[in-house]
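Thanks for coming, everyone. Please have the sequence open beside it.

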Amino acid sequence: MKIALMDSGIGLLAAAAAVRRLRPDAELVLSSDPGSMPWGPRTPEDLTALALDVARAAAAQRPDALIIACNTASVHALPAIRAELEPALPVIGTVPAIKPAAAGGGSVAIWATPATTGSPYQRGLIAEFGGTAEVAEVPCPGLADAVEHGDEAAIDRAVAAAAALTPPDVRAVVLGCTHYELVATRIRDAVQRPGRPPLALHASAGAVAAQALRRIGAEPTPTAAPSGALTVLRAGRVAALPDAALTYAEGRILAAGAPVR
């Protein structure tokens, strides 16, 4: 079994680690193009062209499924990627976990890139799945880029700035960018208010990994031997897992699970 994942950069690590936990024996292909980051401010046409190139590089490795482990690419490029690659290659997009976060009502915040915050796409998801929850959209300028480069000081500044915009009575935060999942604990610590119930964080990696297995008719087998190889592609060329990836637990899980090739 071979599962490919794509993103502009290392935001795909969370979903890749989730796949590794469910199927340690699966081969993984990580396809990205960090030189073209950030994708958010680009026009939909430009972003779609870049995402298609990254998807084609992944597809050339002949995977059984392709996960678009990027919210922005899923918003703008998913139809084009599916039109080109399906049905031969199942393509799974990433959607912010608004529905489960809003299920309990109350105050909910969606942390997302400035390009996604307030977008018709996100507003549509809130209208469809927000229910009775009071949903606040919180832009997080610079956070994805800081995570991409493992810049600890920049991460702290971006998280603090977004936390200051988050309603004090919030009970749940939706991580609306896959990069944010890599610093989930720091986000929780920044938003959790003294005396408030424990904050719930809602991410997409686990659900996306499970959906990929369902699409190819595979069952989770977390006890399987960790035999799956890891192929890293950057702008279509085989590369090493970037040093910044190893600063996160998800990157270390991938590096330890199987040989990189």
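Start at Pro87, in the loop between helix H4 (78–85) and strand S4. Helices here are DSSP runs of H or I with at least four residues, strands are E runs of at least two, and both are numbered from the N terminus. The peptide bond from Glu86 to Pro87 is cis, with omega near 5 degrees. Now go to Pro38, in the loop between strand S2 (27–32) and H2. Met37 and Pro38 are also joined by a cis peptide bond, and omega there is about -5 degrees.

A word on what you are looking at. This is a predicted model, where local features need pLDDT of at least 70, side-chain atom pairs count only at pLDDT 80 or more, and totals for chains, interfaces and linings use all residues. Residues are numbered from 1 along each chain as its sequence is written, and side-chain values use heavy atoms, with hydrogens and water left out.

Next, helix H10, residues 205–215. Which of its residues are buried? They are Ala205, Val208, Ala209, Ala212 and Leu213. Buried means under 20% relative accessible area, exposed means over 50%, and partly exposed is in between, with a 1.4 Å probe and protein chains only. Look down the axis of H10: the buried residues fall within an arc of 140 degrees, so they line one face of the helix. That arc is taken from the directions from the helix axis to the C-beta atoms. The general rule: an α-helix has 3.6 residues a turn, so residues three or four places apart point the same way. On the other side of H10, Ala207 and Arg214 are exposed. Cover for the buried residues includes helix H1 (13–22), strand S3 (65–68) and strand S4 (91–92). After H10 comes Gly217, with a positive phi near 70 degrees.

Now a helix pair. The axes of H8 (residues 152–165) and H9 (residues 184–191) come within 9 Å and cross at roughly 45 degrees. Axes are lines fitted to C-alpha atoms, for helices over the stretch in contact, with angles from 0 to 180 degrees between N-to-C directions. H8 and H9 are therefore oblique to each other. For the cut-offs, under 35 degrees is roughly parallel, over 145 roughly antiparallel, 65 to 115 roughly perpendicular, and the rest oblique. On the H8 side, the contact is made by Glu152, Ile155, Asp156, Val159 and Ala163. H9 brings Arg186, Ile187, Ala190 and Val191. Contact means heavy atoms within 4.5 Å.

On to Lys2, in strand S1 (residues 2–6). Is Lys2 buried or exposed? It is buried, at a relative accessible area of 16%. Its side chain reaches the backbone oxygen of Gln61 at 2.8 Å. Leaving aside neighbours within four places in sequence, the contacts of Lys2 include Glu27, Val29, Arg62 and Asp64.

Take Arg62 from that list. Arg62 sits in the loop between H2 and S3. Its phi is near 55 degrees, a positive value in a residue other than glycine. Arg62 is exposed, with a relative accessible area of 72%.

Last stop, Leu50 in helix H2 (residues 44–59). Leu50 counts as buried, at 16% relative accessibility. Not counting residues up to four places away in sequence, Leu50 touches Asp33, Ser36, Trp39 and Arg42. Leu50 and Ser8 are 42 residues apart in sequence, yet 8.6 Å apart in space, C-alpha to C-alpha.

Definitions and conventions: A polar contact is a pair of N or O atoms within 3.5 Å; within protein, one must be able to donate a hydrogen and the other to accept it, and residues adjacent in sequence count only if both atoms are side-chain atoms.
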